[in-house]
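Here's a quick briefing for anyone opening this structure for the first time. Have a look at the sequence and the 3D view, then read on.

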Amino acid sequence: MKLFGRYSKIAGLTLMALAFSASLFAAGWVHVAPADKGFDIIKNIGSGNESYTRFGEVVILQGGDNFSDEVQKTPDVESFAKRDDEHLYLLTTKDPAMFNYVFPGARVVWSGFGMKVLLAGEVAAINLISKSSPFTKVELLPENQTILTAETICKKAGKAEPDEISNFLDLLDMQTFFSDLEKMVAVKTRYSYVDGAQNAIELCAKEFAGLNIPCEQVAFNIGSKKVNNLVATIKGSDEKNYGEVLVVGHLDSTSENPRYDAPGADDNGSGSAGVLALARMLKKSGLEPKATIRFVLFLGEEQGLYGSKAYVRNLNSEDKAKIKAVLNLDMIGFDAADPLSIMLETNSFNRPMVEKMQELAEKYAEFTIRTSFSAWGSDHAPFLQQRIPAVLTIESEYSSNPNYHKTTDIIESINPNLCENILRLNAATMFIYAVNP
Ligand SMILES: [Zn+2]
């Protein structure tokens, strides 16, 4: 009871703060339009008082009565009258319970890619905000910006001349990736509260040691449970100029029976084996990176990003400034619907990094790609909160993965092509930030 009282008070205060900052907007109309048409409408008939928020191929428009009369004449536009007490909220989540949840009293304006835009009055908003967690973010809908980019098709050019990056990418060994993944899954469970998690950490420590990469276990707590992150480091030859690059993923897993059976092949054996794969490539290349590279495997992600939060908490301001890029690999193996598709996730201050990654993807990978600028719910978030450039690479179908947090998350449901292409993108990014910047 006490706990509940405390949380609803927090939710209430947050709501008051949100509602206050939202009170500038009058009641009016909300429209969901195809993006190209929506931008045309603003340009042609807007008075300058309208706002837009882009989600890929659609744009959400807000405006007054005159504007709305015109917009509603346009085909393919869905319109919502906004009551006086209603505001638009953006919910961003990695929690599947939230994908299907029906928020009482709130109207869904748009949803997709782990995000929902909802119109909610005060009571509905209290419920909405009470769902906030390390995996779910609720905020007033940001305006006049792109939250999700349109889809871009990447087709690694067979015609392109080999270059130093493609030569490096040729070293990616998918067979070893899968044997690493098999070893992780064979631990049975990597649930942070049981021995399996530590066994998996030691298994990976052995692999790094076999590669001659020094690594250490760094202890932290999940409540009263003491566990370890694994940090393997290759010192850069010119760290002074090029700083540090982090390649990270969470090694822990969960399921409906987590103490005994949590294979976590996709979530996140795939990303963890991916971290190892990039380390193996670097060793095989014989190249000496200019930046220091840290390969980090976190525990405690599934309980609320404990491992990455502990890592970031241990950084002083000098350490933080040194980090030029964080690549977070989480769920890189599920793709049921053609074509292969992935998502990058970051915050808008880190646009230059995703733009570089987008360029690399177009040249060296094969999938469709989009970027979300609403980062939440995985190990890149604690870094971004400290304004450290970090990008999550993730399968774009994560919100429809039927094996998510289940005992059925096994290797057989992994798509090797998706893993390979996401790893190519991460390896190319590591190359241009750390190996030969
Ligand atoms: Zn995960």
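Predicted model: local features only at pLDDT ≥ 70, side-chain atom pairs only at ≥ 80, totals over all residues.

**How the domains sit together**
- On the domain 1 side, 19 residues make contact, and they meet 22 residues of domain 2.
- About 1,700 Å² of area is buried between domain 1 and domain 2, with carbon and sulfur atoms giving 58% of it.
- Within domain 1, the residues that lose the most area to domain 2 are Lys94, Phe113 and Phe135, which together make up 42% of what that side buries.

**Salt bridges and polar contacts**
- Two salt bridges turn up across the interface of domain 1 and domain 2.
- Glu57 pairs with Arg370 in a salt bridge, and their closest N and O atoms are 3.1 Å apart.
- There are also 12 residue pairs in polar contact across the interface of domain 1 and domain 2, counting pairs with both residues at pLDDT 80 or more.

- Strands β5 (87-93), β8 (136-140) and β9 (145-148), along with helix α4 (96-100), each supply at least two residues of the domain 1 side that touches domain 2.
- Sorted by class, that side of domain 1 has eight nonpolar, seven polar and four charged residues.

Methods. Residues numbered from 1 in each chain as written. Heavy atoms only, no water. Contact = heavy atoms within 4.5 Å. Buried area = accessible area lost by both parts, 1.4 Å probe. Salt bridge = Lys/Arg side-chain N within 4 Å of Asp/Glu carboxyl O. Polar contact = N/O pair within 3.5 Å; in protein donor to acceptor, adjacent residues only side chain to side chain. Helix = DSSP H or I, 4+ residues; strand = E, 2+ residues; numbered from the N terminus. Nonpolar A, V, L, I, M, F, W, Y, C, P; charged D, E, K, R; others polar.
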